[in-house]
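I opened the file today to look over the whole chain and then one residue in it. My notes are below the structure.

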Amino acid sequence: MTEKPSAPQRPELPPAWNPAEVEAGLYERWVERGYFTADANSDKPPFSIVLPPPNVNGSLHMGHALNHSVMDALSRRRRMQGYEVLWLPGTDHAGIATQTAVERALASEGVSRHDLGREKFVERVWEWREEVGGRILGQMRRLGDGVDWSRVRFTMDEGLSRSVQTIFKKLFDDGLIYRAERIINWCPRCQTALSDIEVDHSDDDGELVSIRYGEGDRSIVVATTRAETMLGDTAVAVHPEDERYQHLIGTDVEVPLTGRFVPVVADEHVDPEFGTGAVKVTPAHDPNDFEIGQRHDLPAITVMDGRGNITVKGPFEGLDRFEARPAVVAALREQGRIVAEKRPYQHSVGHCSRCDTVIEPRLSMQWWVKVEPLARAAAEAVRDGRTTIHPPELAKRYFDWVENLNDWCISRQLWWGHRIPVWYGPNDKIVCVGPDEEPPSGEGWTQDEDVLDTWFSSGLWPFSTLGWPAQTADLAKFYPTSVLSTGYDILFFWVVRMMMFGLYAMDGKQPFDHVFLHGLIRDAHGKKMSKSRGNGIDPLDWMDSYGADATRFTLLRGANPGSDLALAEEWAAGSRNFTTKLWNATRFALGNGANVERPLPDRSELTDVDRWVLDLLDGLITEVDAQFEAFQFSRISDALYKFTWDEFCDWYLELAKVQIAEGGERAESTRLVLGHVLDKLLRLLHPLTPFVTEVLWTTLTGGESLVVAEWPAASGAQADADAARRVEGVKKLVTEIRRFRSDQGLKPGQKVGGAVLGADEVDLAGLVESVRSLTRMTEPGDGFTASVSLDVGLTGGTVKVELDLSGAIDVVAERKRLTKDLAAAQKEQAQCQGKLGNAAFTAKAPADVVAKIQGRLEAASADIERINARLATLPEA
RNA sequence: GGGCGUGUAGCUCAGCGGAAGAGCACUCGGUUUACACCCGAGCGGUCGCAGGUUCGAACCCUGUCGCGCCCA
């Protein structure tokens with residue numbers, strides 16, 4: 001029987017990794033083989049993630065790419081660990097954004113939605129969704145997202161709409177949904193109410209105008225930033241204890257321009273320090289004024305329509321609010337009623353988070369969710385540990401917010417969305433209709449015109465997507481979901497709403513066990529990416545240039561929990577370099593016969609170098625596992641990067657060359673070690689960089705796919721501390737020799753004869769060949785003359801290296817090198833002596849610390865002696 | 001105004017009680033047959049400032065200044 005060739009025939013790797021050519025094909029193969037399709041009937045433990053649904057008309061931006069990289073890494077690892085993994089994708093209908101987009105398209109045809117009518121308009125939106133709605137899903141495939149495409153959902157689906165109607169009815173019946181007339185945030189451009197979190201506040205330049213109301217000793221000066229709303233004033237308010245105004249409280253003053261007399265009321269909420277201490281009260285156009293109005297039973301006069309145009313008969317009628325403001329001020333000035341004007345005056349102004357239009361507080365009838373009991377449950381679930389927030393610092397913010405929630409305005413004056421299932425009938429009858437109920441028919445019954453906030457339906461996502469309200473196998477298997485991942489800026493949007501609804505609908509069962517909150521994407525200098533700055537980076541560009549793996553790796557490497565991450569093209573190039581490095585290392589290993597055809601030989605048959613790298617690998621596996629459990633993606637990536645590049649490539653591969661050159665059994669065992677280390681390393685890297693590892697691993701092992709390969713476990717072997725010490729000794733020796741060569745101006749490739757003396761004493765005899773190989777040092781030949789000697793202090797002794805540089809050495813360079821080393825050793829010596837000379841230190845510090853310092857002192861002193869001796873032998877420069 | 005976070009190498013960030021680290025950038029030298037998307041060697045920091053606790057502080061405490069975010 002002939003010996004088997006050590007390197008079996010294997011498909012050869014191309015010389016370079018070309019992601020653009022390969023990624024799409026790999027991805028489609030994974031999908032076709034059904035790797036990402038979850039089985040609700042499997043016996044495996046479940047692991048589930050629902051994708052926080054992106055806008056149906058959006059496209060993949062860097063924030064998505066980061067979040068998806070996180071979710072994909074988590075779910076790929078769990079799949080390899082033998083979990084039944086469900087990562088469920090989908091999109092939300094983005095009520096305002098989508099309706100606006102379609103209205104804009106219609107406008108270019110000269111048609112408004114009202115021309116079309118509600119039914120036809122909604123049809124158009126569905127058509128629009130068919131056209132653009134798949135874009136972001138396609139982009140997810142490029143990134144490599146291992147989602148279950150058989151379960152892709154949309155918030156306007158029939159099933160999800162049923163969930164919406166079910167929960168609306170349940171909340172309505174429980175008294176947690178009600179209708180009320182209040183001040184809401186109105187966007188005059190979007191023409192709809194918004195909830196509080198859809199309003200962004202910024203400090204804008206405005207004006208502060210002081211206006212005199214009334215006459216003579218019955219007059220009072222109020223300060224306002226919104227003079228035009230005075231047309232709707234129904235009171236002037238002062239603080240009850242403000243001595244300046246005691247005589248006016250309870251009297252009436254005239255509101256200029258209107259001829260109307262309004263009462264002066266005393267209210268605790270007026271700040272006597274602000275302006276004159278008196279404020280005008282416009283209950284229909286200011287949330288604080290509305291509350292004052294409630295307390296004092298004041299009428300509310302609406303002076304603007306939904307577009308922000310003045311509706312009061314007279315000279316201002318029809319003017320836009322921003323035109324009306326100066327017009328009103330001018331009219332007041334003419335009457336001599338302007339006491340003071342301050343411009344610019346910075347104050348906080350609310351803007352629509354969709355379109356940036358200045359919000360108009362408006363009195364209007366809307367539907368509300370009473371959040372207090374829901375929010376209390378949401379806080380409790382985190383407090384008692386059913387749900388854990390990562391990083392924990394952000395839990396505080398979660399509590400603060402949840403405990404101070406106002407009721408949630410859920411009705412929107414749109415056509416695109418879930419229509420409110422409430423019918424109004426004769427005699428003010430109101431009926432809320434559940435999913436299997438017939439709406440009331442007959443004369444006089446009409447359905448509410450409004451639709452629900454998009455977040456109302458996406459808040460149901462963790463269970464509506466699994467089939468709720470039906471008790472499906474999916475729901476039983478995959479709820480509660482394992483992890484929800486999103487940016488910390490979305491904490492209040494997704495997380496809180498999903499928590500409130502999940503706990504409510506699922507009998508106190510939390511929607512997710514863990515919440516992972518990643519940071520926000522910024523540019524290379526930490527600035528927010530934005531269209532106006534033009535500093536945005538498109539993840540698709542990165543994928544084109546550097547590959548999906550490099551894009552993912554860059555994002556994960558920067559993902560420190562709770563902190564933002566700065567990105568620049570160089571970062572992605574660096575990650576691409578890493579994938580190339582991995583590619584080349586594997587190519588080298590394969591070219592030298594690396595394989596996993598047989599188990600590793602017993603550790604006793606391996607070399608120090610083999611045991612060292614295997615022990616490091618064990619440590620790496622332990623580290624990666626621990627950091628995965630802690631959502632520390634940056635540490636995972638860093639550990640893998642450093643092992644791959646700084647240990648495996650820089651040292652093990654170089655040392656393996658020596659072992660392979662030995663031939664025979666040694667070469668064979670080295671090929672196995674190479675194969676086994678790479679095999680496990682590729683498995684560990686797969687959740688982060690699935691594409692390149694798939695190609696390398698299938699080539700190395702002949703296995704079917706890394707997607708379904710087993711996640712590696714540490715070997716359990718006792719780490720060989722002696723092997724580690726010896727290899728570290730080799731590394732130090734090699735580094736010192738290289739430094740000497742470099743300082744002496746030797747070309748890296750130039751071979752130099754040399755002798756290594758004293759290797760025995762430090763137990764390195766067996767590794768001298770490796771040192772020679774890595775430093776281009778040849779055996780001392782016949783005419784060997786040591787022109788220089790080099791002392792390297794290692795644990796346990798000093799190794800002397802003699803080199804024949806065939807001629808004079810560069811004394812200046814050598815003196816400089818030694819002087820530098822001397823200075824370092826002296827500094828070290830002084831530091832250690834200082835500590836040891838301190839009686840308090842030796843008395844109070846733990847014994848092992850004292851011993852360590854003692855050891856350092858001895859080493860430093862020996863170094864100083866050696867270097868001085870060496871310097872003495874050098875001729876003067 | 002309230003709360004949270006953060007100031008470490010030129011840039012972006014790790015480290016969070018016992019010898020100042022990484023990536024990128026920079027300098028020098030390299031056609032060492034895995035890799036120039038690379039290899040080897042180097043330069044670069046009183047860890048914002050001021051006090052305090054401790055045998056010992058980048059790390060803990062207090063104050064202060066700068067920056068960022070969230071909520072009013």
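These entries go from the whole chain to a single residue.

**Entry 1, the whole chain.** I noted that the model is predicted. I looked up the secondary structure and found 27 helices and 29 strands in chain A. For the dimensions, I read off a box of roughly 115 × 70 × 55 Å along the principal axes, filled by the C-alpha atoms of chain A. I then checked the radius of gyration: chain A has 37 Å, whereas a compact globule of 877 residues would have one near 29 Å.

Of the contacts in chain A with a separation of 6 or more, 77% are between residues 24 or more positions apart. I also looked up the charges: chain A has 98 positive and 131 negative ones, and their mean positions are 3 Å apart.

I placed F154 in strand β4, which covers residues 153-154. Is F154 buried or exposed? F154 counts as buried because its relative accessibility is 2%, and the cut-off for buried is under 20%. I listed the contacts of F154, leaving aside neighbours within four places in sequence: V56, T91, D92, H93, W126, R129, L160, W416 and W461. I also looked up S458, which is 304 residues from F154 in sequence, with 9.4 Å between the two C-alpha atoms.

How values were computed: Residues numbered from 1 in each chain as written. Chains lettered and ligands numbered in written order. Predicted model: local features only at pLDDT ≥ 70, side-chain atom pairs only at ≥ 80, totals over all residues. Heavy atoms only, no water. Helix = DSSP H or I, 4+ residues; strand = E, 2+ residues; numbered from the N terminus. Rg over C-alpha atoms; globule rule 2.2 N^0.38 Å. Contact = heavy atoms within 4.5 Å. Lys, Arg positive; Asp, Glu negative; His and termini not counted. Charge placed at Lys NZ, Arg CZ, Asp CG, Glu CD. Buried < 20%, exposed > 50% of the residue type's maximum accessible area, 1.4 Å probe, protein only.
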